[in-house]
Amino acid sequence: MWRDRLMLVLMLPGIVYFLLFFYVPLLGNIVAFQDYVPFIGFANSPFVGLQNFTEMFSDPDFWQAVVNTLEISFLQLVFFFPAPILLALLLNTLISTRIRRLVQSVVYLPHFISWVIIVAIFEQILGGAGVIDQMLRDHGMQTLNIIGNPAMFKPLVTSQVIWQGTGWGTVIFLAVLTNVDVDLYEAAAVDGASNWRRMRHITLPSLKSITILLLILQLGNVLNVNFQQILLQRDSVGPQAAEVLNTFVYYHGIVNGDWGLSTAVGLVQGVVGAILVIGANKLAHVFGEPGIYQ
């Protein structure tokens, strides 16, 4: 403790942050078992047992939100999760350091743009009065009707996540690739290994552990999708297509004041996420991978 005192002091703000905004709020889960009224507080709100959970599981809107959340999470897992890996592999093949840094700077930029701006950009391009539909209309062709089309909503939000997060997601993978011993590539080239074989037997194995770790963490968020992104576009396609668990909690808790039901949903999200992380981590151990903890 004394030897690492400076490091511990540097960690203190992060520890305080997690304590205040993640661990202390866990005490608020008692609301899931109460008919909570903010004006009388936790102590005086009547205890209702599992009534909120019964109401939640019997609500068809809840199950629709679960289905929408799982569908969006699945699309993001299949199409977004591999995107940073592929981009990192592509950037790693660039010989010129100057070009690589330029490309990295460009692809990082969308990460720092707010979802309000991103949604507005997609609206200007793919909306009914957007650039593409206007061009099709000017040429007498049928418009695409992407923005506002419930059937296209889930692919749309997935494409937005890919555009916004792929560049930033390459940071970790590029850090791993830069630590791969160059001598391994040189030895493989001397032995006559092609670029594909070098990638298959050197590059990809070096990414295996970090990919599994990030995949486990991604599974823990399977019931959580970007709240702000969905909320900004929910009304354009309707709740049937766009209601997810996070917006379900918002409208039932913040808007309608049903604090007990919304807290019960949040508690279920947390429990399911923890089970998935622990289970996936155990599965990683079975295959000889360290996972996120031993």
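Asp-4 is partly exposed, with a relative accessible area of 34%; buried means under 20% relative accessible area, exposed over 50%, and partly exposed in between (1.4 Å probe, protein chains only). The model is predicted, so local features need pLDDT of at least 70 and side-chain atom pairs count only at pLDDT 80 or more, while totals for chains, interfaces and linings use all residues. Residues are numbered from 1 along each chain as its sequence is written, and side-chain values use heavy atoms, with hydrogens and water left out.

**Salt bridges**

- The structure holds five salt bridges, a salt bridge being a side-chain nitrogen of Lys or Arg within 4 Å of a carboxyl oxygen of Asp or Glu.
- One of them joins the side chains of Asp-4 and Arg-3 (3.0 Å, N to O). Arg-3 counts as exposed, at 71% relative accessibility.
- Another salt bridge joins the side chains of Glu-71 and Lys-154 (3.4 Å, N to O). This pair links distant parts of the chain, with Glu-71 in helix H4 (residues 60–80) and Lys-154 in helix H9, 83 residues apart. Helices (H or I, at least four residues) and strands (E, at least two) are DSSP runs, numbered from the N terminus.
- Glu-71 is partly exposed, with a relative accessible area of 36%, whereas Lys-154 counts as buried at 12% relative accessibility.
- The side chains of Glu-243 and Arg-234 also meet in a salt bridge (3.0 Å, N to O), and both Glu-243 and Arg-234 are buried. A network of salt bridges links Arg-234, Asp-235 and Glu-243.

**Packing of H5 with H6**

- Helix H5 (residues 82–92) packs against helix H6 (residues 97–108) at an angle of about 155°, and their axes are 10 Å apart. Axes are lines fitted to C-alpha atoms, for helices over the stretch in contact, and angles run from 0 to 180 degrees between N-to-C directions.
- H5 and H6 are therefore roughly antiparallel to each other; angles under 35 degrees count as roughly parallel, over 145 as roughly antiparallel, 65 to 115 as roughly perpendicular and the rest as oblique.
- On the side of H5, the contact is made by Leu-87, Leu-91 and Asn-92, and on the side of H6 by Arg-100, Val-103, Gln-104 and Val-107. Contact means heavy atoms within 4.5 Å.
- The residues of this contact divide into four nonpolar, two polar and one charged. Ala, Val, Leu, Ile, Met, Phe, Trp, Tyr, Cys and Pro count as nonpolar, Asp, Glu, Lys and Arg as charged, and the others, Gly among them, as polar.

**Packing of H11 with H15**

- Helix H11 (residues 195–220) and helix H15 (residues 259–286) have axes 7 Å apart and pack at an angle of about 155°. H11 and H15 are therefore roughly antiparallel to each other.
- H11 contributes Ile-212, Ile-216, Leu-219 and Gly-220 to the contact, and the residues from H15 include Gly-273, Leu-276 and Val-277. By class, the contact of H11 with H15 has seven nonpolar, three polar and no charged residues.

**Two individual residues**

- Gln-233 lies in helix H12 (residues 227–237) and is buried, with a relative accessible area of 5%. Leaving aside its neighbours within four places in sequence, Gln-233 is in contact with Val-119, Phe-153, Leu-156, Val-157 and Gln-160.
- Asn-179 lies in the loop between helix H9 (153–178) and helix H10 (182–190) and is exposed, with a relative accessible area of 65%.
- The C-alpha atoms of Asn-179 and Ser-206 are separated by 9.2 Å, and the two residues are 27 residues apart along the chain.
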